[in-house]
Amino acid sequence: LTRKRPDGSDFGPQWLRLCIDSWKKVTPRVISCSESAPPEGLEWAQTASRPSINEVLAAVPVEPKQHLLLTNADIVFTDEFARVLPALDPTAVYYGHRLDIELDVSKPNGGFTARGLYPWGFDYFLLPHALLEALKAEPLIPNEFRIGEPWWDYALPIVAMALGFPLKRVTTANAVAVHYFHPARYSQETWTTNAGRFMDLVQRLLTRTPNAATGLLTD
């Protein structure tokens, strides 16, 4: 990761270490699905290029009664996240927003300040084993949707809903997922192209037998 401080210096390696430490508080097994090798101590599911969502979902073995925690590589999970996990519905699909933060240059000893909750997408999902098996049997998510690009994070929850899975958003009094702010790294062309793919997916899902997502997709 490369993440710039206000003075232009790189904070990326320190932020990545915070990310990894937080993941290992959640689970002893962390797998990086990527085209480049991850830091030592993480398993590597190697891909030829930026991985598609389908490649990520297929790369990680999940046992019955387990969930896959799918997240972007620059998310830190707080202790609050680990605390709420045991209370979650084991059959449901969960998704959540991140809290954007940045270094606070006004504090003499450093520290972070919150920019606010990011409302335009989702940065982590908890996916039950049964959903992963259903997506293997019927691959509904377009192969063109890739990690780090827009629209896949809207596609995944509506597909889960269309397949009959309870869909819930993680909400707590305290932030559970924190992200060091940086400008978007995809182009307007990518956004527009993936939006078209998303709308094609909506149309395909509407041709299925009426399901829990039909009303939402029609709207």
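Visitor: Does Trp151 count as buried or exposed?
Guide: In this predicted model, Trp151 has a relative accessibility of 17%. The limit for the buried class is under 20%, so Trp151 counts as buried.

Visitor: How are the rings of Trp15 and Tyr180 arranged, among the aromatic pairs?
Guide: The count of aromatic pairs comes to 16. For Trp15 and Tyr180, the ring centres are 5.7 Å apart and the planes meet at 45 degrees. Stacked requires under 30 degrees and edge-to-face over 60, so this pair is tilted.

Visitor: How many residues apart are Trp15 and Tyr180?
Guide: Trp15 belongs to helix α1 (residues 12-26), while Tyr180 belongs to strand β10 (residues 177-180).

Visitor: What is the arrangement of the rings of Trp151 and Tyr154?
Guide: Their centres lie 5.8 Å apart. The planes stand at 55 degrees, so the pair is tilted.

Visitor: Which strand runs parallel to β5?
Guide: Strand β5 (residues 93-96) has buried residues on both faces, with Val93 and Tyr95 on one side and Tyr94 and Gly96 on the other. Its partner β8 (residues 124-128) runs antiparallel, joined by three bridges, and Gly96 stands opposite Tyr124 there. Three bridges also join β5 to a parallel strand, where Tyr94 faces Lys168; this parallel strand is β9.

Visitor: Over the face of which residue does Arg115 lie?
Guide: Arg98 lies over the face of Tyr118, 3.9 Å from the ring centre. Arg115 lies 3.6 Å from a ring centre, over the face of Phe181.

How values were computed. Residues are numbered from 1 along each chain as its sequence is written. This is a predicted model: local features need pLDDT of at least 70, side-chain atom pairs count only at pLDDT 80 or more; totals for chains, interfaces and linings use all residues. Side-chain values use heavy atoms; hydrogens and water are left out. Buried means under 20% relative accessible area, exposed over 50%, partly exposed in between (1.4 Å probe, protein chains only). Helices (H or I, at least four residues) and strands (E, at least two) are DSSP runs, numbered from the N terminus. Two strands pair if DSSP finds at least two bridges between them. Rings of Phe, Tyr and Trp (its six-membered ring) pair if their centres lie within 6.5 Å; planes under 30 degrees apart count as stacked, over 60 as edge-to-face and the rest as tilted. A charge sits over a ring if NZ of Lys or CZ of Arg is within 6 Å of the ring centre and within 35 degrees of the ring normal.
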